[in-house]
Amino acid sequence: MASKEIEVAALGQKSDPPRGRLSAILGRLIDPFRRGTPPEPRPPTGFFTDTTVCIGCKACEVACKQWNQLAADGFHWSGNSYDNTEALSATSWRHVKFIEQFPPDNSPSRLVSDNFQSFGTEFSLEALLNEPKEGRWLMMSDVCKHCVTAPCQQACPTGAIIHTEFENVFIQPDICNGCSSCISACPFGVITRSSIDGHSHKCTLCYDRQRDGLVPACAKACPTESIQFGPVDQLRERARKRVEELHRRGVTAAHLYGDTASESYSRLNSFYLLVDRPSVYGLPDNPFNPWLHMKGDYARALIGGFTAIVALLAVLFVLGG
Amino acid sequence: METNSRLQTHMALSLSRSRDPKVRGSGYASEVVTKAPAWHGLVAWDMLLNGMTTGLFLVAAISELTVPDVFTSVANIAYPIALVLLLLDLLFLVFDLGDALRFHHMLRVFKPSAPMSLGTWCLTIYSLPLTVAAAISLVPVQWTTLETIRKIAVLIALLPALGSAVYKGVLLSTNSQPGWKNARWLGGYLTNSAFMLGCAEMLVLSLLMKNASAVAMLRPALGLLLGLNLVVLCLLVSDLRATLSRLYTRLEFFGVGTISAGAGLLVPVGLLLVTGSSLFILSAVTLILLGSLFIRFVIVALPHAST
């Protein structure tokens, strides 16, 4: 199905100017080197994902696929709660994660079957609120973090990955050649190379919608406002207030992830409110920008080379002199 | 309104419960967060060919410039071979792309912050004077002007050749993949290895051309470079010990170590020290090449094995 879509998209349009074979080849060679005028910078935008109000409905996943015309992934029972998307991919730019934190002898399925008998007679909001809680269910809609200093953008050798005028990280699909440098650089495992076109893909933060003054599809579809979109400074302020509120209510574990820069990583323009360790949500506890090692690694590589040169020269001078 | 407030309080309380470790699920904590790039066998071969072409050129150039009487004839054969190895390497690089027809997009920008960009530019620049040097080397007539141009081309190619050797390890070590991200000495190992491979290739060429003086100098030089490479390999293994201990059992690790350091470095040193016979030298160089390829396959597999 997806291949058909690609084939149809590749067909010539009547509006296209007539192009000979030579012209097509030259276009392919020259077009990537053409530069347009960069748009004027706009206030940075981003996502604030409040995981405490996520209900795992996956409306964000569906809206993202629908708007961006992403191919279906097929269906696969993962065996991991309700998470059958499993990971972000070239065709899934949103991924709702489910974390079941229940005692082993009191799984969610057992709770449902135990309570089911009483539903007919005693079900009420009061009963629901007062029923004993022995665990919790965490949910989080994962997406590209749109890092302020993005390792994928730093790694990209073609210049395909750029920061847009909204300071979002964007892969130019007509430039990417599928070298995979961005995939190996991303500490969050966001980017994937498509098996259909061979290029890297990820969330664009609905760049097209933003340019038209619209809210990204996922944030628009989110029924609980777990995914909030807007100018990132305002979002950070709102997020901090939300954390304070949760602390007041007794949720002392509530904290923001990616709100501020650490020694080893920049701020994220898509940041999260979590109530457990980041690794529980599949996020690195201490993300590290691999570029911090680069100078040292080049120095060691040169040391490796220069010691070999010195050794070679020493032998040549001693035996050849 | 009251219900809404009670629901929010209920939600907050339910979130604050479950502090008991017995009821806390680890969620995705056991999963590797990063995604491994689709770099497999082609990349291992690319790493070997990169070392072979840059190493051969650099050792040939350094030898020729230092002791021209002995090495010019060997270098004249080495440059065309280095060019062939480079073309093979570039072919592997292009076919490893998701969209091979967009290989030229690599030259859209020059980004020193991206090792792959720096490497592509170094390889491109290195290929130009190398082609000139290789072409002139193949001209049967000895013209002074051509010889001067050849030497200038060799001098120009030195720096980009070194850059081409250096970038590969840094490309792998400056990313977020398990294993690679800890390999601080990967660049050092691969650069050093390139010189070792180049010296081995030059030794074989000298042997085949029956250039006894060159063989007499390159044999101890290769022994010394093998020793140096063993030191850098140990530093690399020290960087990777946590990853390797997670991936391999003691027995498997012993096997990998035996093939990499034993068969790929120590046995060749022994063979080179024992005697200068052609058979021993060729056997040593074959082992060096196979050992180097094996190590590169192990390195490339690190993130995949971790996931």
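In this predicted model, H3(B) passes H6(B) in a right-handed crossing. Helix H3 of chain B covers residues 68–95, and helix H6 of chain B covers residues 186–208. Two packed helices are described by the angle between their axes and the distance between the axes. For H3(B) and H6(B), the angle is about 120 degrees and the axes lie 10 Å apart. Because angles from 65 to 115 degrees count as roughly perpendicular and those over 145 as roughly antiparallel, H3(B) is oblique to H6(B).

On the H3(B) side, the contact is made by B:Val74, B:Ile77 and B:Ala78, while H6(B) supplies B:Met202, B:Leu205 and B:Ser206. Sorted by class, the residues in the contact of H3(B) with H6(B) are 5 nonpolar and 1 polar, with no charged residues.

The next level is the contact between the chains, which takes 76 residues from chain B and 77 residues from chain A. On the side of chain B that touches chain A, two or more residues each come from helices H1 (2–16), H2 (41–66), H4 (115–138), H5 (144–173), H6 and H7 (212–247) of chain B. H1(B) gives the largest share of that side, 9 residues. The class counts for the side of chain B that touches chain A are 36 nonpolar, 28 polar and 12 charged residues.

Chain A can also be taken as a whole. There are 11 helices and 10 strands in chain A, and of its 321 residues 40% count as buried. Among the contacts in chain A with a separation of 6 or more, 65% are between residues 24 or more positions apart.

Key:
Residues are numbered from 1 along each chain as its sequence is written. Chains are lettered from A and ligands numbered from 1 in the order in which they are written. This is a predicted model: local features need pLDDT of at least 70, side-chain atom pairs count only at pLDDT 80 or more; totals for chains, interfaces and linings use all residues. Axes are lines fitted to C-alpha atoms, for helices over the stretch in contact, and angles run from 0 to 180 degrees between N-to-C directions. Helices (H or I, at least four residues) and strands (E, at least two) are DSSP runs, numbered from the N terminus. Angles under 35 degrees count as roughly parallel, over 145 as roughly antiparallel, 65 to 115 as roughly perpendicular and the rest as oblique. A crossing is left-handed if the near helix is turned anticlockwise from the far one by less than a right angle, and right-handed if clockwise. Two residues are in contact if their C-beta atoms, placed from the backbone, lie within 7 Å. Ala, Val, Leu, Ile, Met, Phe, Trp, Tyr, Cys and Pro count as nonpolar, Asp, Glu, Lys and Arg as charged, and the others, Gly among them, as polar. A residue is buried if 20 or more other C-beta atoms lie within 10 Å of its own, exposed if 12 or fewer, and partly exposed in between; C-beta atoms are placed from the backbone.
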